[in-house]
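Dear colleague,

Please find the structure we discussed handed over with this message. I would be grateful if you could read the notes below it alongside the model.

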Amino acid sequence: EFNQTVSVEPDGYITLREAGDLHVAGKSVPELREAITKAYAKILNEPVVTIVLKDFQKPHFIVGGQVGHPGKYELRATTTASEGVAIAGGLTERAKHSQVLLFRRISDDWSEVKELDLKRIYKGKWQEDIHLRPGDMLFVPQNKLSKVKPFLPNWSVGTYMGPGVF
């Protein structure tokens, strides 16, 4: 009668039938088993607790900006920054690939930002292609030409396609 399936809420708590709320974020399965056993020991005599982990937040990285498919991607294997950009659909024609930003969380309040020059990495130059860690975010900014291009006159087309040519 006490068998139940519960999900960890965003605040790190689960709600147990007859035992109430229990904070479980950051606990291992053995630690969780002990905490649930203690919670039910108040109303049950020597409870036997079995935990089956059904799903968990998988390690991921995020790629945004001027890439083919910005989004969140699972970090399944060792992945470098350039591979992460490729997984996200590669650079668009508007991408400034010489100033890609890597945001890496170093604490709950702080993130470290590194500037990567993918142009040099692709050419095999000196810069190391950094390995991504869970939670990393890559941002590919827009290049300057693509920012001003919509405001440039279309004179170059008229020069080659003018009425005097035909």
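The model is predicted, so local features need pLDDT of at least 70 and side-chain atom pairs count only at pLDDT 80 or more, while totals for chains, interfaces and linings use all residues. Residues are numbered from 1 along each chain as its sequence is written, and side-chain values use heavy atoms, with hydrogens and water left out.

Salt bridges

The search of the whole structure finds three salt bridges (a side-chain nitrogen of Lys or Arg within 4 Å of a carboxyl oxygen of Asp or Glu). In one, Arg104 pairs with Asp136, with 2.7 Å between the closest N and O atoms. This pair links distant parts of the chain, 32 residues apart: Arg104 belongs to strand S5 (residues 100-105), and Asp136 to the loop between helix H3 (118-122) and S7. Helices (H or I, at least four residues) and strands (E, at least two) are DSSP runs, numbered from the N terminus. Both Arg104 and Asp136 are buried; buried means under 20% relative accessible area, exposed over 50%, and partly exposed in between (1.4 Å probe, protein chains only).

Glu34 and Lys38 form another salt bridge, at 3.6 Å from N to O. Because they are four residues apart in helix H1, about one helical turn separates them. Glu34 is partly exposed, at 48% relative accessible area, and Lys38 is exposed, at 55%.

Glu74 and Arg76 also meet through their side chains, at 3.2 Å from N to O. Here Glu74 is partly exposed at 40%, whereas Arg76 is exposed at 72%.

The largest pocket

The largest pocket has a volume of about 940 Å³. Of its 29 lining residues, Gln4, Val6, Ile36, Ile51 and Val52 are the closest to its centre. On a 1 Å grid over the protein atoms alone, a pocket is an open set of points where a 1.4 Å probe fits, with protein on both sides within 12 Å along at least five of seven lines; lining residues have an atom within 4 Å of a point. The volume is the space filled by probe spheres set on the points, which are joined across faces, edges and corners.

Strand S1 (13-16) and helix H1 (29-41) each supply at least two lining residues, and the largest share, four residues, comes from H1. The lining divides into 19 nonpolar, seven polar and three charged residues (Ala, Val, Leu, Ile, Met, Phe, Trp, Tyr, Cys and Pro count as nonpolar, Asp, Glu, Lys and Arg as charged, and the others, Gly among them, as polar).

Helix H1 also holds Arg33, which is partly exposed at 34% relative accessible area. Arg33 and Val49 are 16 residues apart in sequence, with 6.2 Å between their C-alpha atoms.

Backbone angles

Glu18, in the loop between S1 and strand S2 (20-23), has a positive phi of about 70° although it is not a glycine. Glu18 is exposed, at 60% relative accessibility. Glu46 likewise has a positive phi, near 50°; Glu46 sits in the loop between H1 and strand S3 (60-65) and is exposed at 69%.

Surface patch

Ile62, Met137 and Phe139 form a nonpolar surface patch with about 210 Å² of accessible area together. Such patches join nonpolar side chains (Val, Leu, Ile, Met, Phe, Trp, Tyr) within 5 Å, in residues with over 30% relative accessible area and no salt bridge; the areas come from the Shrake-Rupley method with a 1.4 Å probe, and for residues only the protein chains shown count as cover. Met137 lies in strand S7 (residues 137-140).

With kind regards

Notes: Patch = residues over 30% accessible without salt bridge, like charges linked within 9 Å, V, L, I, M, F, W, Y side chains within 5 Å.
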